[in-house]
Amino acid sequence: MELQTLQEALKVEIQVHQKLVAQMKQDPQNADLKKQLHELQAKITALSEKQVRKRIFLTPCSKEMSALIFQESC
């Protein structure tokens, strides 16, 4: 997934998260909203981690550093 696509997806999921948080304020005991929020937080975390990895690979660095990063990600 391209960096820009990841950033757009992350932006959308964060907006959805903000809406869910607002709904939770109105109904804090709603188990379905809590579940949705938890699942969305996991999705946001995954997208964020992908974005970080993508940025690392797009950042120029030495051959040694590239090899080290590649080894750790595999």
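Colleague: Hi! Where is the place of Lys34?

Modeller: Lys34 is placed in helix α2. Helices here are DSSP runs of H or I with at least four residues, strands are E runs of at least two, and both are numbered from the N terminus.

Colleague: Before we go on, what kind of model is this, and which features count?

Modeller: The model is predicted, so local features need a pLDDT of at least 70 and side-chain atom pairs count only at pLDDT 80 or more, while totals for chains, interfaces and linings use all residues. Residues are numbered from 1 along each chain as its sequence is written, and side-chain values use heavy atoms, with hydrogens and water left out.

Colleague: Thanks. What is the average pLDDT of the protein chain?

Modeller: The average is 84, and 76% of the residues score at least 70. That score is the predictor's confidence in each residue, from 0 to 100.

Colleague: And where is confidence lowest, and where highest?

Modeller: Helix α3 (residues 63-73) has the lowest confidence, with a mean of 56, and α1 has the highest, at 95.

Colleague: Back to Lys34. How does its relative accessibility count?

Modeller: Lys34 counts as partly exposed, at 40% relative accessibility. The cut-offs are under 20% relative accessible area for buried and over 50% for exposed, with partly exposed in between (1.4 Å probe, protein chains only).

Colleague: What does Lys34 touch, not counting residues up to four places away in sequence?

Modeller: Lys34 touches Met24, Pro28 and Gln29 on that count, where contact means heavy atoms within 4.5 Å. There is also a C-alpha separation of 8.7 Å between Lys34 and Leu20, 14 residues apart along the chain.

Colleague: How far does α1 reach?

Modeller: From its first C-alpha to its last, α1 reaches 35 Å with 24 residues, close to the 34 Å expected at 1.5 Å a residue. The expected span is 1.5 Å times one less than the number of residues in the helix.

Colleague: Which residues of α1 are buried?

Modeller: Leu3, Leu6, Leu10, Glu13, Leu20 and Met24.

Colleague: I noticed Glu13 among the buried residues of α1. With which residue does it form a salt bridge?

Modeller: Glu13 pairs with Lys43, and their closest N and O atoms are 3.4 Å apart. The structure holds one salt bridge, defined as a side-chain nitrogen of Lys or Arg within 4 Å of a carboxyl oxygen of Asp or Glu.

Colleague: What does that pair tie together?

Modeller: Glu13 lies in helix α1 (residues 3-26) and Lys43 in helix α2 (residues 31-58), so the pair ties together parts that are 30 residues apart in sequence. Glu13 has a relative accessible area of 13% and is buried, whereas Lys43 is partly exposed at 44%.

Colleague: Now the nonpolar side. Which residues are in the largest core?

Modeller: Nine residues belong to the largest nonpolar core: Leu6, Leu10, Leu20, Met24, Leu33, Leu37, Leu40, Ile44 and Leu47. α1 and α2 are the elements giving two or more residues to this core, and α2 gives the most, with five. A nonpolar core is a set of buried Ala, Val, Leu, Ile, Met, Phe, Trp, Tyr and Cys residues joined through side-chain atoms within 4.5 Å.

Colleague: What is Leu10 in contact with, leaving aside neighbours within four places in sequence?

Modeller: Ile44, Leu47, Ser48 and Gln51.
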